[in-house]
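Hello,

Here is the structure I said I would pass on. Please open it first, then read the notes below.

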Amino acid sequence: MQFPTIRKIRSAVLMGLLAVAVSPVNAMVITKTDSVFVSNDNSFTIKLFDFLLADFGGGSTTVSSVTVTVDYSKCGSGVGTGGCTGGPGNPFANEIGFALRSPGGTNVSLIENNGDNEDYETGNFETFASGGSNFDRIVTTFDDAGAALGSAPASGVFAPEGSLGDFAGESALGVWEFFIEDDVGLDPIGVYSVRLDVTVSDGAPVPVPAPLVLMGLGLGLLAGARGIRAAR
Ligand SMILES: [Ca+2]
Ligand SMILES: [Ca+2]
Ligand SMILES: [Ca+2]
């Protein structure tokens, strides 16, 4: 029997290292949905999402990313549990404010307005313009990787005004607050559901205990030796 060449040994060591590098990241997504209809007109609502220790299955509680999906209508006349009611008119989408606050107290604006309650928002401007007609059952997912927000509500995946990445590294455990506002009288907003998807993760490949690293190297060497035998 021949000893493995230097090249075979080198590839065997690389295989061992690869076995370490592909160890999976310990990540999971926790989803909470509030489907209680609320309407606001010159008022606001705060929806609470309680993330309990049991939700994490004994895994990490550290936030790596967050997305928020909102099903809503902004109406030029009335709003009900099924959508806009009455004639279209101008729904004044510039009145909308959406923001998310983490259990740690970090605020991220999703849609900005420039009036009334500003405790949860971080800017003093209006995301959307006035004009158009009923924005009926708009379903928007806010995701930092989404498209740029336009000047009017639209269904799809959009990046929020603030960065949901601001929550990364915080604890997901506790009460998240979702802020919904319509800041001028007439032309109400109706919200049908709010869904939070919070991904928690250890943030890096799970550390592999030393014996497993050695085992990976050993298996790599074995495979290398087999390779030599097969080649002969
Ligand atoms: Ca406001
Ligand atoms: Ca504001
Ligand atoms: Ca209004």
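**Notes on the model**

Asp116 counts as partly exposed, because 16 C-beta neighbours lie inside 10 Å. Asp116 sits in the loop between strand 8 and strand 9. Its phi is near 55°, a positive value in a residue other than glycine. Keep in mind that this is a predicted model.

**Confidence**

The mean pLDDT of the protein is 87. Of its residues, 77% reach 70 or more. Which elements mark the lowest and the highest mean pLDDT? Helix 2 (residues 210-231) has the lowest, at 52. Strand 7 has the highest, at 99. Where pLDDT is low, the predicted coordinates should not be read in detail.

**Overall layout**

The protein has two helices and twelve strands. From the N terminus on, the order is α-β-β-β-β-β-β-β-β-β-β-β-β-α. There are 232 residues, and 30% of them count as buried. Take the contacts with a separation of 6 or more: residues 24 or more positions apart account for 73% of them.

Arg101 stands opposite Glu177 in strand 11.

**Pairings of strand 9**

Strand 9 pairs with strand 4 over six bridges, and the two run antiparallel. Which residue of strand 9 is the bridge partner of Val68? The partner is Phe142.

Strand 9 also pairs with strand 10 (residues 156-158). Here the sense is parallel, and there are four bridges. Thr141 has Val157 in strand 10 as its bridge partner.

**The nonpolar core**

The largest nonpolar core has 34 residues. Val68, Phe98 and Leu110 have the most contacts inside it. Several strands each supply at least two residues of this core: strand 4 (63-74), strand 7, strand 8, strand 9, strand 11 and strand 12 (189-201). Which strand gives the largest share? Strand 12 does, with seven residues.

Leaving aside neighbours within four places in sequence, Val68 is in contact with Leu100, Leu110, Phe142, Val194 and Leu196.

**Loops worth a look**

Start with Thr127. This residue is in the loop between strand 8 (107-111) and strand 9 (135-147). Is Thr127 buried or exposed? It counts as buried, because it has 23 C-beta neighbours inside 10 Å, and the cut-off for buried is 20 or more. Leaving aside neighbours within four places in sequence, Thr127 is in contact with Ile111, Glu112, Leu149 and Glu161. Thr127 and Pro153 are 26 residues apart in sequence. In space they are 9.5 Å apart, C-alpha to C-alpha.

Asp116 belongs to the loop between strand 8 and strand 9 as well. With 16 C-beta neighbours inside 10 Å, Asp116 counts as partly exposed.

Next, Leu186. This residue is in the loop between strand 11 and strand 12. Leu186 has 14 C-beta neighbours inside 10 Å, so it counts as partly exposed.

Last, Asn26. This residue is in the loop between helix 1 (6-21) and strand 1 (27-34). Asn26 is partly exposed, because 14 other C-beta atoms lie within 10 Å. How far apart are Asn26 and Ser60 in sequence and in space? They are 34 residues apart in sequence and 7.6 Å apart in space, C-alpha to C-alpha.

Best wishes

Terms used:
Residues are numbered from 1 along each chain as its sequence is written. Chains are lettered from A and ligands numbered from 1 in the order in which they are written. This is a predicted model: local features need pLDDT of at least 70, side-chain atom pairs count only at pLDDT 80 or more; totals for chains, interfaces and linings use all residues. A residue is buried if 20 or more other C-beta atoms lie within 10 Å of its own, exposed if 12 or fewer, and partly exposed in between; C-beta atoms are placed from the backbone. Two residues are in contact if their C-beta atoms, placed from the backbone, lie within 7 Å. Two strands pair if DSSP finds at least two bridges between them. A nonpolar core is a set of buried Ala, Val, Leu, Ile, Met, Phe, Trp, Tyr and Cys residues joined through C-beta atoms within 7 Å. pLDDT is the predictor's confidence in each residue, from 0 to 100.
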